[in-house]
Amino acid sequence: LTGIPGLQHLHHWISIPFCIMYLITLAGNSILLCLIKADHSLHLPMFFFLSMLAVIDLVMSTSITPKMLSIFWFHSTAISLDACLTQMYFVHAFSVMESGLLVAMAFDRYVAICNPLRYLSILTSPVVAAIGLATLFRAVVFMSPLTFQIRRLPLCSPAVVDHSYCEHMAVLKLACGDAAFSNTYSLSVSTYVGSFDSLLIALSYLLILRAVLSLSSPQARKKAFSTCGSHLCVMALFYIPGLLSMYMESYHQELSPHIQVLLANIYLLIPPAFNPLIYGIRTKQIRDGARRAISR
């Protein structure tokens, strides 16, 4: 792994914001999980989904950031093929899981705002568990064939990945055999997940905004717009850079390699650091739960 091509001389400086974001991810998501577990008033569908998101963010960040920082700090660029494929599987499978969970959280907010009296009868514990298992199953089904296919391909020597982690399209460039299936399959899955899930999220928030516009209180409307806007911004940081980096890698667009690598890093590092703030600290129940925990 080369790190960030063309910016090797700046690796020590680049490592500072990366390390800070990782520490924020670890602290924010861990605190969120502890609060939700400790406070029984937070044992609601919304916070169960938030707990799943926190676990996914912790796994996704931890699968790439420690190795990335070791490259930046200690020039530890070597990685075995099995470790590379494992990292690739975890990164992309948990990305698919996060996308599915963002859809589930948007649906949760739609039910809570548009059908508040039926909220607990619709999103029962078995339904929440089934949604979580469905996102896991979809990720495993989509990513397993891709990983097995790459494992069977012969790799050219020298096996140098111009990336800071084992991103699928970057690893695929090393294949000496016919990689057309893997390339097409990867693009198809990414396009399906990104477009279908973001469409469902957009639909949910449009219905939410329609319900919010009927509120008589300007203050309530302003608060709802602020909440929806922050949610959509962090979702855009997850979907747009990830899809852009993949399409640019695949179609060899004339863009600096370090820009492509940084785009691929943004969607894996920034949302996990921001999610506890956007979905957690900005939520009144979480703040109240934190105050109760501190007072105890």
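Visitor: What makes Cys84 and Cys166 a disulfide?

Guide: A disulfide is a pair of cysteine sulfur atoms within 2.5 Å. The sulfur atoms of Cys84 and Cys166 are 2.0 Å apart, so the two residues form a disulfide. The model is predicted: local features need pLDDT of at least 70, side-chain atom pairs count only at pLDDT 80 or more, and totals for chains, interfaces and linings use all residues. Residues are numbered from 1 along each chain as its sequence is written, and side-chain values use heavy atoms, with hydrogens and water left out.

Visitor: Why is the disulfide of Cys84 and Cys166 called left-handed?

Guide: The torsion about its S-S bond is about -120 degrees, so this disulfide is left-handed.

Visitor: Why is Cys84 called buried?

Guide: Buried means under 20% relative accessible area, exposed over 50%, and partly exposed in between (1.4 Å probe, protein chains only). Cys84 has a relative accessible area of 6%, so Cys84 is buried. Cys166, at 0%, is buried as well.

Visitor: How do you know that Cys156 and Cys176 form a disulfide?

Guide: Their sulfur atoms are 1.8 Å apart, which meets the limit, and therefore Cys156 and Cys176 form a disulfide.

Visitor: What makes Cys34 exposed?

Guide: Cys34 has a relative accessible area of 53%, which is over 50%, so Cys34 is exposed. Cys114, with 26%, is partly exposed.
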